[in-house]
Amino acid sequence: LISSFWEVVILSLNDLADQYRLFYRMIAKDISKLLSFNFSKQSIAKIKEDLIESICLWEGLLPVKNCTFQLHELIDLVDFIPLFGPPMGVSEFPGERALGRVIKDKLKNNTGGVSFEKSMMQNHINFELQNLQTFYKEAISKTKSQGKKQPPNNPLNCKLDSRTGILSFNSIPFSLFKPELHDAKTKPYLKLSPYEIDHLIDTMILEVKKQYGSDEKMCENNSCIYRIESLRLEEYKDLTPFEWLNYNLNTNNRETCELTMEELDVCRAILQFEPKFFGAAHIYGMQFTSRGSWLRETQKPKLARYGVQSKEYEEHNIKGSLKRSWYVAASYGSWCRFEQEGKQHSYGQINTFFTIKIGDKSIDGLIVAAVTARKYSNIPKSSVDMISCKCSLDIKTIFVATTDIYPTRIATLPLSFNKVAISVKKKIKDSEFATSNLSEFVYLYMISLHPEKLVNSSKFRSYKVLQL
């Protein structure tokens, strides 16, 4: 509640003074920091200072009779982190499970006798040894169960080096699963359009820059696609990336073509690329789902308004428009938050996932998400982001490397013009707090469901490092 929905709760308290809003946000922010999965050494002192400030405010703003929590224990908790690690990693559950097992053994056996205590201890030791032997009988489990039922040594998290015999564990794996099923009528397979290829090349160029720290010489020496695009920007700016690829493969232009055979092969591979689409992926170990590759924006969106300073666009693919699909489960379950190199973070609905394979060693294997990106605005005096149902389409991004997606699922709260929540699952009786009238949808509040996992997102997000 505190880490995910607290800001929305504070926003809904209309009679709360701004000073108290700020105070409650400070408390929630500090507790959210304590719930993080990892901490840098430099952040510990800052977290402690912030907690001291918040607790002093608590004791100054609220009457003594309302200060019933032992808040000073939170300060001691910060000193606990360098010694024992993040509080999220410390749990009493293993001990409680062990005691539960001992109680079961006790109930199954006859009590009494001086040797009863020893037999109980021996039975529990034998049980734990049996579990260990079962677990370690194979380096990587062959169990195909999904989610929480997967054993710790499942193939997603564990890799065995056959040459060295070393078993490695990856807590933030990347993978694709659930291949899409297509049919001609409702779920057609759509090849990449010229518009999409232009954007896909932009995404690949960004990824190459991430790998080599934007070092121009390193990028050109190691990437065919980077050399191809660099030449276009130098000498053929009037051509789009798609037109440039075709220009190089045109037999009439062979005499003036400056590309090598390897680079021409990459040009051909991109134009002939037919990706295999997937409906779900693991990103930093978290499962994300998509709403369908047939909902991609395959053409440049239509201009929605004329005469405005910033141009606003509408979706070309009507089926995937926010106005028509926001209340569909596959749609509101596909939201993500991402941040590409050199840009601010954005929101988008994931349409599908696929892997790049074009014959360029610097980019092959990259897992990409096709997204319908959205513009957002921040609500003043809060950290809640809001997306309008009209003209919120962001045409600058339609493909994102999965390493640029934040490791948190995004929940959406649909609201009407009067800030009344809209129910999307069942008919309810309209009230001052909620309505079932879907036509009143005006905007969405965006809510991060796993803020404690945001620290798993690396600042250096090259797929060569993260996609092990």
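This is a predicted model: local features need pLDDT of at least 70, side-chain atom pairs count only at pLDDT 80 or more; totals for chains, interfaces and linings use all residues.
Biologist: How far apart are the end C-alpha atoms of helix 4, and what span should its residues give?

Modeller: Helix 4 covers residues 72-84, which is 13 residues.

Biologist: At which residue does helix 4 bend?

Modeller: The bend is about 25°, and proline 82 follows within four residues of it. Beyond the helix comes glycine 85, with a positive phi near 95°. The bend itself is at valine 78.

Biologist: Which residues of helix 4 are buried, and which helices are included in what covers them?

Modeller: The buried residues of helix 4 are Ile75, Val78 and Ile81. An α-helix has 3.6 residues a turn, so residues three or four places apart point the same way. The cover over the buried residues of helix 4 includes helix 2 (18-34) and helix 3 (41-61).

Biologist: With which residue does lysine 33 form a salt bridge?

Modeller: Side chains of opposite charge can pair when their charged atoms come close. For lysine 33, the closest N and O atoms of the pair are 3.0 Å apart. The pair links distant parts of the chain, with lysine 33 in helix 2 and its partner in helix 3, 17 residues apart. That partner is aspartate 50.

Biologist: Is aspartate 50 buried or exposed?

Modeller: Lysine 33 has a relative accessible area of 26% and is therefore partly exposed. The cut-off for buried is under 20%. Aspartate 50, at 13%, is therefore buried.

Biologist: In which helix do arginine 232 and glutamate 229 lie?

Modeller: The side chains of arginine 232 and glutamate 229 meet in a salt bridge of 2.6 Å, N to O. Both residues are buried. They are 3 residues apart, about one turn of the helix, and that helix is helix 9 (residues 224-235).

Biologist: Are aspartate 265 and arginine 268 buried or partly exposed?

Modeller: These residues lie in helix 11 (residues 261-271), 3 residues apart, and their side chains meet in a salt bridge of 3.1 Å, N to O. The relative accessibility of aspartate 265 is 41%, and that of arginine 268 is 30%. Aspartate 265 therefore counts as partly exposed, and arginine 268 likewise counts as partly exposed.

Biologist: Which residues are linked in a network of salt bridges?

Modeller: A search of the whole structure finds 14 salt bridges. A network of them links Glu207, Lys210, Asp404 and Arg461.

Biologist: Which side chain of opposite charge is nearest to arginine 337?

Modeller: Arginine 337 is in strand 8 (residues 335-338). Its contacts beyond four places in sequence include His345, Tyr347, Asp404 and Tyr406. Arginine 337 is buried yet has no salt bridge. The nearest side chain of opposite charge, 5.4 Å away, is aspartate 385.

Biologist: Is isoleucine 387 buried or exposed?

Modeller: Isoleucine 387 is found in strand 12 (residues 385-388). Leaving aside neighbours within four places in sequence, its contacts include Leu322, Trp335, Tyr347, Val442 and Met446. At 0% relative accessibility, isoleucine 387 therefore counts as buried.

Key:
Residues are numbered from 1 along each chain as its sequence is written. Side-chain values use heavy atoms; hydrogens and water are left out. Helices (H or I, at least four residues) and strands (E, at least two) are DSSP runs, numbered from the N terminus. The expected span of a helix is 1.5 Å times one less than its number of residues. The bend at a residue is the angle between axes fitted to the seven residues ending there and the seven starting there. Buried means under 20% relative accessible area, exposed over 50%, partly exposed in between (1.4 Å probe, protein chains only). Contact means heavy atoms within 4.5 Å. Lys and Arg count as positive and Asp and Glu as negative; His and the chain ends are not counted. A salt bridge is a side-chain nitrogen of Lys or Arg within 4 Å of a carboxyl oxygen of Asp or Glu.
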